[in-house]
Structure formats: C-alpha cells, structure tokens
Amino acid sequence: MQLLKPPWISHDGGKAIFSVDLHPDGSRFATGGQGQDSSGRVVVWNLKPVIHDKYEQDEKVPKVLCQLDQHLGCVNSVRWSCGGRFLASAGDDKVIIIWQQSSYGGGAVFGSNVVNVESWRSVATLRGHEGDILDVAWSPGDVWLASASIDNSVIIWNTAKWPEQVRVLRGHTGLVKGVTWDPVGRYLTSQADDKSLRIWRTTDWTTEERIVDPFADCGGTTTVLRPSWSPDGQYLVSAHAMNNGGPTAQIIDRDGWNTDKDFVGHRKPITCVRFNPNILKKVDSKTGKNVQYCCVAIGSRDRSISIWFTSLKRPLVVVHDIFDDSVLDLSWSSCGRYLMAVSKDGTLAFISFSTDEIGCPLSEDETNNLHMKLYGKSAQTNASSVNPTIIENPELLRLREEEKTRAKTAASSEQIPRPAPPTPQRAPINKQIETRTADGKRRITPMFIPPIEGVETPNKSYEASFSSSQQEKSKIVVEKVDEVVEPNVSSSRPPSAFTTSSSPCKGTSLPSGFNGAHASLPARFGKSESSEKQSESQVPTSACIGMKRKHEEMPQACLAVKRKRGRPPLYDRSAAPPPPRPPSPLAAPPPTSTQVVKTTQHVEVVSVLPEASLSKSARIQIPGETSVDIPPPLLVVENDYRAGSSHSGGTPSLHRVSKMQVNVVSWVTFLTSRVTTAAATVTTAAFTCHDKSLHILDIKTGEMILPPLKLQGRSSQLFVHENTIIVLTTDATLTIWDLENKKRILSESIRHLVEGQSAVKSVQITSEGTPVLLLTSGEAFTRCPKLETWLLLGECASVRRVVQPEYTMLPPCHPADATAKPLTSLLHQTAAYSGSSRVSRPVISDDARLSLTEVFINRMLTSAQYLKSSHDYKYWMKRKIQFFIKEGLEKKLRVIFDDLLGPNVSSSTLDQAECRSNLPKILDCDKKSLLEEFLREILLAKNSLQLQRLYAEYKEQLDANAVDMI
C-alpha cells in the first residue's frame with residue numbers, strides 16, 4: 001500500500017474541497033469545492049502524475065486538464081456518469097450542471113494563468129431545488145440522476161430528456177445530505193438530518209423502508225451524509241449512526257432491512273462511505289478456494305479513513321490523522337486499486353493497493369450473472385430501459401412480458417371488423433357453451449369466430465409460449481344453458497353469427513384445441529402424421545365429427561378420425577363451407593376411410609436456452625498486454641445509437657460498435673440489427689445480432705474478415721478462443737468454426753445435455769481441438785470425435801451430494817497448470833467440487849455411501865485416463881489408496897499393489913494382456929515409484945497397525961526388485 005498527498009492538487013491554495021470522483025476509464029478525476037470570491041469550482045485533473053513519479057516530474061504532461069468556474073456557489077458534489085460521458089456538479093447555487101467534453105480544445109481560463117488542455121462545455125443546467133444541493137448520484141446505466149438538497153427533497157431527473165423531472169421525493173423532515181443507488185437500480189437511498197434513512201422503490205417512487213433506530217441518538221453535526229451500496233447489492237452502509245454512545249457506520253441487510261451489524265472504531269461521526277465498485281476475490285491460503293467479498297472505505301470527522309473487507313471482522317487498514325479537518329468524500333477507481341479522499345482542509349489523499357492486498361475483481365460478466373441470479377436483473381439490462389421495472393423473480397418477469405404481448409395482439413385484433421362469413425374460424429375464442437344431456441352428462445361446446453371473407457385472419461393470439469413448464473390459469477368463460485339436449489344433437493339455441501354446433505360436418509375446420517390438445521402443439525412438435533395421409537374416397541356429406549373425447553363413447557353416426565394419441569389432426573383452412581345437414585334423424589353408417597387434406601404449417605423451434613441480450617451500452621475488455629500506465633483497449637457496443645423510424649420502409653435503427661483506448665477511437669462500424677452478444681481476442685472481434693447474423697472483424701482495423709454468417713437460430717452465448725468461434729443458439733445447437741482454415745468443426749444439438757438441467761457456463765477448446773462444455777450445475781462434458789458423442793468428466797451432482805465430502809475436494813490448480821492438470825482445471829471452473837461438509841447431504845446408509853464414494857473416485861480416474869493426465873491420475877489414485885486404507889479394505893489394496901509391482905515371472909511366459917499390465921509406467925507415472933509413495937500412506941494412516949503386515953510384505957518385494965535391477 002502507498003499513501004500520497006500531492007501538494008499541487010488544491011483549489012486556490014487551500015480552499016475546501018468537498019467532493020472527488022474518479023473517471024470510469026481511470027484516466028482522470030474531478031474535484032469540486034470552493035473557488036475565488038466564494039464561487040464554486042470544478043477541476044478535472046490528470047491521473048497519471050498522481051500514480052507515477054516520472055509523469056509528475058515531466059513538464060510536458062499536464063496536471064490540470066480543465067478548470068470550470070461557472071458555479072456561483074460552492075460545489076458540494078461531482079460525479080461522473082457510469083459510462084464516463086458526462087460529469088454532474090451541484091452546489092450552493094441550487095443548480096446542477098451537466099458537463100460533456102468538447103472536441104474544440106482548451107484555452108486560457110479568464111482571470112487566471114491556468115490553461116485548459118481539454119474543453120468541457122455545459123450541455124444542461126438543472127433547476128428545481130429551493131436550497132443548496134449537497135449530493136448527486138447517477139443510477140446504474142445512467143437512466144436517472146438523483147439530487148439531494150437542504151430543501152428536504154430528492155429530485156429524480158430524466159437523463160434522456162434534460163431537464164425533465166421524473167419525480168420529486170418528499171418525506172424527509174430534515175436536510176437531505178446524501179443519496180445512493182443499489183447496483184441494479186431497484187432502490188434509491190437517501191439520508192438526512194431528520195435522523196432517518198429512507199429506501200425508495202424505483203418502480204413507483206414510494207418508500208420501501210424508513211430506518212430510524214440506529215440514528216436516534218445522532219445530531220446534525222456533519223456537513224454531508226454519504227451512504228453507499230455494496231456492489232453485490234446485499235448490504236447498504238450508512239453514514240453517522242450511533243451504537244452505545246459511539247459513532248458507527250450502520251450495515252443494513254437487504255434481506256429484511258435488518259440493522260444488527262455495524263462498523264465501529266471511529267472517534268467522531270462518519271461523514272462518507274464508499275464501496276469499491278468491484279466484487280473482489282482471493283484464494284484462501286487454507287482451503288485453496290476462491291473467496292468473494294466486498295471492500296468499503298469509511299471517512300470520518302476524526303480525520304481518519306478505515307478500509308474494511310466484508311469477509312473480515314477487523315479493518316484491513318486504518319489511516320489516522322491523514323487530514324487536518326473532516327473527510328468529506330471518497331472515490332474508488334474502476335479497477336479497484338486506487339482510493340482518493342478529500343477534506344475540508346483543501347487537500348487530497350491518494351492510496352494505492354496491490355492486487356495481493358486488495359484482491360482481484362470479478363469480471364463484468366461474472367458480476368452481471370451474479371445480479372441476474374440474485375435479482376433477475378443486472379446493471380446492463382437496466383440500462384436498456386428508460387423506466388426499468390425490476391422483478392426479482394425471473395419467472396414473473398417472463399409472464400409480465402407475455403401479458404404485454406397478448407394485450408397488444410388482442411388490441412390489434414379488436415380493430416378488425418368481423419362480418420359473419422359462410423365458413424367458421426378454426427381458432428376458438430375465450431367462451432364456450434355448457435349443456436346437459438338426458439342422462440345428466442355435461443357437454444362443453446366451444447364457440448367459433450367466423451373469418452373475414454377473403455381476408456386471412458392472424459392466429460398469433462392463440463399461440464402459447466413453451467419457455468416454461470408452468471401452465472397459465474384458464475380464462476375461458478363458460479355460459480350455461482338450462483335445457484336438456486339429446487346426445488350428439490345440436491342445441492336448440494337460435495342461430496347466430498357464431499357456430500355453436502358440437503358436430504361440424506365434413507369440410508369444417510376443427511379447433512386447434514380439439515380433444516384437449518393445446519392450440520400450439522402442432523407448431524411445437526411438427527405436423528401430425530395423420531395429416532400426411534389422404535384417403536382414397538371422399539367423406540360422405542352426412543358424416544359428422546362428434547366432440548366426444550373418448551373413442552368408445554362416439555356414436556356410429558360420427559366420423560372416425562384416425563390419429564395418434566395426443567396429436568390433433570390438421571385440416572385445410574380453406575375448406576369449402578359445409579353442406580346443409582339432412583333432416584333425417586338417422587345418421588349414415590360410418591365411412592371406411594377418412595380423407596384428410598394435407599396442409600403446410602410453419603414449425604417453430606422451441607427455445608431451450610434464453611436469448612442473449614446486451615444493454616444499450618456495453619464495454620468488453622480486449623485481452624492482451626496490460627500496463628499500469630495505459631488502460632486496456634475496449635470493444636464498445638452502443639445499441640440504438642440512432643433510433644430509426646417505426647413504420648414500414650422507414651429509416652432503420654443504427655447500432656454502433658467501436659474499439660476505444662484512452663478515449664481514442666481506433667475504428668467504428670455500424671449495424672442495422674441490435675447486438676446481442678460480443679466477444680474479442682487479441683486478433684478477432686465477433687458479435688451476434690438479433691437478426692440471427694454473426695459478424696467477425698479484425699480487431700486492429702475493424703475490417704470484416706468474412707461476410708456475415710447466418711445462424712440457424714438466435715444466439716444464446718458466444719465464445720471466442722484464438723482462431724475459434726463458438727456460438728450456442730437458443731435451440732441448443734452448438735456450432736464451432738475454425739477461422740484459420742475457414743471450416744466448421746462441429747454443429748450439433750446439445751439439447752439432451754441442457755434441457756431441464758442447467759445453463760451453459762462456458763464452452764472451451766482444448767489444445768487438441770476438442771470442445772469441452774461446462775454447465776452451471778457442475779457437470780463437464782468433452783466430445784469424443786471417434787465415438788461422436790459427449791463424455792461426462794467427473795461425476796454428476798446427484799452422486800457428489802452423497803459422497804464423503806473429504807473425497808470431493810480438488811487439488812489446488814493455478815491457471816498456468818491447465819495443460820498439466822486438464823481435469824482439475826476444468827472441474828475447478830465449475831466451482832462444484834468444494835469438498836465442504838456444510839453442504840446438505842441426503843441421508844443414506846453407510847454401506848451405500850462407501851460404495852458411491854468408490855464409484856466417484858473410479859469415475860475421476862477414468863476421466864483422468866481419457867484426458868491422458870498423469871498428474872490427475874496420480875492424485876485420484878492416491879485418494880483411492882487413502883480411502884481403502886481408511887476403510888481397511890486390504891483385498892482391494894492388494895489388487896492395486898500387485899498391478900503396480902508387476903508379475904515376478906519372466907516376460908516370455910506372459911500372455912499379451914499380462915504384458916500390457918507389466919508395463920513399467922501408467923500415463924508417464926513409474927509404477928514402482930507410485931507403489932513406494934502409496935506404501936508410505938499406510939504409515940501415515942491412523943489405522944496403520946491393522947495394515948502393518950501388508951506394508952512389510954510389499955515393501956520387502958519392492959526392495960528385492962530394486963536389488964535385482966542393480
């Protein structure tokens with residue numbers, strides 16, 4: 001850790017600095033505070049001279065990038081937008097100024113000898129507060145901007161339509177001194193001098209919770225109160241709380257808003273709290289597992305800063321007396337290694353951490369996946385909506401979208417006039433007639449909508465979604481008719497525009513829900529086999545089709561339709577209108593054959609995996625050489641960069657993809673379809689679009705390597721490895737291309753691996769070119785090209801849950817060991833082989849558990865042998881020996897030891913199988929060395945006395961073989 005206080009960072013020689021914020025790209029930072037003559041000042045600084053001494057001494061490197069003096073009062077808060085495009089500043093002049101960098105260059109500041117290297121212009125001035133503004137905060141995705149003021153209110157501003165106010169939040173009875181958003185944009189938190197902290201719902205801008213107990217003994221003695229949310233969204237930490245008369249930072253648990261934990265140690269009230277924007281991880285030295293945690297910095301009026309990990313009970317570091325006055329603001333860099341703090345004494349402190357000290361941040365995809373798992377929403381998906389309604393249950397979110405789609409379809413269908421045509425419609429409406437026969441049985445008769453003559457009526461409102469196994473509650477209205485009807489005879493209900501007959505005759509289109517089958521089953525399963533068969537004879541006009549569901553109850557007068565179980569027959573939509581029914585009550589005998597007209601129907605592919613979706617603005621880090629001086633290059637995707645016309649034939653929307661480094665754009669390309677996934681390597685950039693296209697570009701020039709590839713379905717996931725591109729579509733089709741040789745390696749369905757099981761975590765290519773599939777449930781599959789099938793590596797979750805926990809733990813594996821330990825490396829990535837005894841395990845007998853443990857170890861050995869990994873094979877063979885020693889299985893130990901020792905007879909008398917077992921090595925592991933190592937395990941075991949004879953016997957033979965070889 002390094003601590004610096006650059007003396008050249010100040011406002012007019014020592015005036016108070018109230019706020020600081022680091023730019024998301026790590027190239028600059030902004031400070032806000034007092035300027036000349038009690039005015040406000042915003043300064044944009046260069047970060048390089050702060051981090052590196054050589055740049056600080058270099059006169060050619062500017063320290064001040066831009067000085068902005070437009071505020072008429074002291075600036076209390078400066079905050080960069082999440083995308084880094086805008087800078088918001090607010091102060092005592094009751095206004096908020098939104099700044100944006102201009103391309104016209106800088107210039108000398110009026111009345112000062114400061115020369116601006118960059119030019120920042122005001123793009124919006126927001127007025128609405130009646131008092132000083134003490135804090136501002138951008139929502140995730142830069143959808144809203146919140147401002148807190150001493151007029152006891154919080155204003156939400158619409159960033160897409162400056163200076164529109166979305167809502168004014170009133171409820172505090174004291175000065176509001178701090179605001180912060182949760183990382184997925186569901187809640188906004190404000191803290192005020194009225195000894196309360198309010199949590200507002202962004203769905204309706206009402207109060208979710210008002211917390212007062214931790215602040216009951218607090219006084220209004222702090223200039224600001226800046227709370228902060230943890231990056232995982234689980235905890236909210238407030239400023240200035242009290243516990244037993246001592247100042248604390250209160251920890252508020254998102255689950256139930258509990259306030260039973262706090263950070264203690266400061267001698268005076270807490271003024272500001274700021275979480276590191278990254279979820280961090282470290283490898284536990286004891287267990288060898290990755291531990292995830294969050295890091296928070298706390299500033300106080302006691303002029304000190306404390307830094308805490310959520311995984312530790314004590315602070316990581318406490319810096320005392322770093323300033324001469326109160327700490328007013330804190331800011332972390334996006335990389336998580338740099339922390340800045342400013343004070344009322346007009347100075348700035350810079351703290352730098354190493355990766356070993358602070359930990360490694362999770363990637364953006366890992367963070368978004370965690371948010372999606374916890375809340376069904378992430379900051380990326382939140383940015384794509386102007387008014388994001390966050391539903392924490394993904395299933396409810398899906399149902400909400402389906403309801404909107406059905407409502408739009410119903411509204412459009414109501415606008416079409418429906419005159420009474422001569423032929424009935426094939427799709428039923430949500431109404432049916434219920435009558436009773438003379439024997440008391442119920443008869444349900446669906447009603448039909450007649451189609452518009454000469455116009456094809458859409459059927460979209462009757463199609464159902466198969467993305468979930470849950471069925472919706474029926475919305476069919478049942479109209480009961482109080483009269484008795486004869487079996488299989490139409491009701492005496494007067495004729496109308498709707499056909500209510502329960503027995504449509506020949507040529508009548510049956511409803512798609514006939515015989516209980518769902519309306520969209522043909523679309524899902526394809527055409528019924530019965531629809532592909534045509535009879536040789538025509539159906540008599542007197543024959544009719546009954547609506548009874550059971551074949552044995554159908555009268556002889558009805559037409560016998562031959563069809564497969566559970567599949568409705570398909571009939572021609574354009575069938576001729578039915579002829580008049582003969583008046584005779586006696587029906588004609590059933591025909592010997594049935595004519596079914598073959599129809600052409602579009603078959604929809606059922607989505608097994610969710611379609612990928614990128615936010616309105618996304619940044620993907622391009623791998624390669626990293627430098628502390630220069631941030632890594634980024635692949636920037638900006639969906640809906642230019643909105644097009646919605647009517648047919650209008651201007652299409654433009655979606656922009658560019659490569660950027662240190663705000664310098666290398667190349668730009670535009671697309672007319674929304675980008676859903678993107679990935680990059682040191683040589684290639686690839687992304688898929690909503691129109692089922694795959695684009696491959698040269699990462700250096702932005703030129704297309706190939707014309708767009710047309711996929712068979714919409715993309716669910718995209719992976720790029722060196723010269724290999726892997727696309728997984730929503731119908732679970734996995735396709736792999738070799739860019740170097742321009743050929744397809746694999747294209748097949750993996751539906752049987754993922755349907756009803758789990759999602760795909762990643763797809764990798766081994767050094768031999770073999771694809772490996774990792775699932776979120778912990779399974780790992782590799783494809784065997786000779787067998788043309790997928791092989792399970794390791795063991796399935798059902799077996800792992802019952803195996804003794806100490807045998808499911810994997811050995812430590814560094815990323816550099818992936819080639820030497822392929823099995824361990826792959827299984828480590830699944831994060832499912834923890835070996836933890838805290839995992840709930842089914843209650844089974846001891847014998848069954850022992851048998852399954854042996855099965856598990858044998859499966860691991862088989863996987864290691866298939867991958868030809870000597871390190872993995874040696875590790876799991878050793879675990880097998882330890883298991884047999886612990887359980888005292890001497891006979892099984894002898895089998896292994898005999899195989900390692902080899903036969904004592906001459907090799908000339910051995911058959912071929914025995915010769916293979918007499919090979920001196922197994923996967924490059926010397927058998928004699930393995931035996932010697934395994935015999936030592938007997939001496940280390942607790943029950944070594946039981947196996948001492950076994951040890952002595954094989955130790956003697958091993959030594960004798962060594963003498964013979966000499």
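Modeller: Some ground rules come before the features. This is a predicted model, in which local features need pLDDT of at least 70, side-chain atom pairs count only at pLDDT 80 or more, and totals for chains, interfaces and linings use all residues. Residues are numbered from 1 along each chain as its sequence is written, and side-chain values use heavy atoms, leaving out hydrogens and water.

Biologist: In what order do the strands of the open sheet with β16 run?

Modeller: First, the terms: strands (E, at least two residues) and helices (H or I, at least four) are DSSP runs numbered from the N terminus. Two strands pair if DSSP finds at least two bridges between them. Here the order is β16-β17-β18-β19, with antiparallel pairing. β16 (176-181) and β19 (207-211) each have a single partner strand, so one side of each has no neighbour in the sheet. From one strand to the next, the twist averages 15°. Angles like this run from 0 to 180 degrees between N-to-C directions, with axes fitted to C-alpha atoms, for helices over the stretch in contact.

Biologist: Over how many bridges do β17 and β18 pair?

Modeller: Six, between residues 187-192 and residues 196-201. Gln-191, for instance, has Leu-197 in β18 as its bridge partner.

Biologist: What about the sheet with β50?

Modeller: That one is also open and antiparallel, in the order β50-β51-β52-β53. Its edge strands are β50 (760-765) and β53 (789-793), and the twist averages 25° from one strand to the next. Helix α11 (residues 846-866) packs on this sheet, touching β52 and β53. Contact means heavy atoms within 4.5 Å.

Biologist: At roughly what angle do helices α12 and α15 cross?

Modeller: Roughly 35°, with the axes of α12 (residues 870-887) and α15 (residues 927-940) coming within 10 Å. Residues of α12, including Met-877 and Ile-881, meet residues of α15, among them Leu-930 and Phe-934.

Biologist: Is Met-660 buried or exposed?

Modeller: Buried means under 20% relative accessible area and exposed over 50%, with partly exposed in between (1.4 Å probe, protein chains only). Met-660 has 15%, so Met-660 counts as buried. This residue lies in strand β40 (residues 654-661). Leaving aside neighbours within four places in sequence, Met-660 touches Pro-633, Leu-634, Val-636 and Val-665. Met-660 and Leu-634 are 26 residues apart in sequence, yet 5.2 Å apart in space, C-alpha to C-alpha.
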